[in-house]
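I opened my notebook for a first look at this structure. Come along and see what I looked up.

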Amino acid sequence: MIKVEIRNKINFPDIRLQEELEVIADKIIIQDIINGIKARKAVVGGRLPKNEPATILRKGHDNPLEETGTLLNSFKSRAQGKNKVVISIMGDRAKIGKYLQDGIDTKKGLKQYIFFGISKDAFRRSMDYVRKKVKEYTSGANKR
Amino acid sequence: MALTKDSTSEYYSRQLDSEAAKASIEKELTTLEIILSARVGRTALTLQEYIQMRLAQGATLAVIRKDLLADLETGGRIFGEFKNALRPTFAGSTSRFRDVGMLAETGISAKFRWVAILVNTCPDCLDRHNKVKKWAEWEEEGLPRAGATVCGQNCKCVLISAEATEIQPVWRNK
């Protein structure tokens, strides 16, 4: 007689992706945010709004979110636990950044500088990175 | 006008509510974060260790690669949470204002019901759906879109005043 046993709650091992998450945060997402600001691109697509004439006069150029470079240098990632990385804006630029991203009231309406987040491009590149890692690990070259 | 004991306690309760709401709004105003997370257990393996384990079990590298890539594309058991956390988003942080608004309106002493939309709802949110807790307890467990659930910032759940969502029996007339 053949006996068949159906097992429930099989415990598959979880995969720790901390190393991959840290690389994605530092090399892909933060870089994408910085490049987006430099290229005046919003993370949701489209362009960042132009500065107000008074701001352009003060700064001497019309590069939104760029003046002293403090904001561009304030994006940091930190590992939290075994499988978590948090990307945030450090220092006083955190509050200013949030204020600009949520939008400021101008005569022409709400102006939103959506510069912080994961763009479609960053998502695509992150997925490519993991795909590359899977292929690399399963190529046989890493076999111990 | 003389204050009675009741009106004084009501006054302090209102003050406490608005302070909690202010603190919560302040927290939202000063926080701009992207949370990248993946599922993890106590016995979690690295990707390489997982591949070694599968090899030891007799699987070939080609099969393991095919399985892993399929899981990554479909957002399966291994990469599901990871893929969700990476989804292009900026809406999560701003959507949290909806819950804070509810707190400001209802007050900290009231209870809140976790309501999921029940369309493509993640298992964590399904588990929380319809549960009633105080704001502080939900904050401890993780508010919607705070990264405590598998769906992360894509979460569509809301916290609604439990009183407003009380289910009343339907009385049918003949």
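**Entry 1: a hairpin in chain A**

I began with strand S3 of chain A (residues 84-89), which is mostly covered, with five of its six residues buried. Buried here means under 20% relative accessible area, exposed over 50%, and partly exposed in between (1.4 Å probe, protein chains only). Helices (H or I, at least four residues) and strands (E, at least two) are DSSP runs, numbered from the N terminus.

I noted that this is a predicted model, where local features need pLDDT of at least 70, side-chain atom pairs count only at pLDDT 80 or more, and totals for chains, interfaces and linings use all residues. Residues are numbered from 1 along each chain as its sequence is written, chains are lettered from A and ligands numbered from 1 in the order in which they are written, and side-chain values use heavy atoms, leaving out hydrogens and water.

Next I looked up the partner of S3(A): strand S2 of chain A (residues 75-79) runs antiparallel to S3(A), joined by five bridges. Two strands pair if DSSP finds at least two bridges between them. I found Ala79(A) bridged to Val85(A). Four residues lie between the two strands of this hairpin, and Gly81(A) in the turn has a positive phi of about 75°.

**Entry 2: a helix in chain B**

In helix H2 of chain B (residues 47-56), I found Leu47(B), Tyr50(B), Ile51(B) and Arg54(B) buried. The buried residues of H2(B) fall within an arc of 100° seen down the axis, so they line one face of the helix; the arc is that of the directions from the helix axis to the C-beta atoms. Just after H2(B), Gly58(B) takes a positive phi of about 110°.
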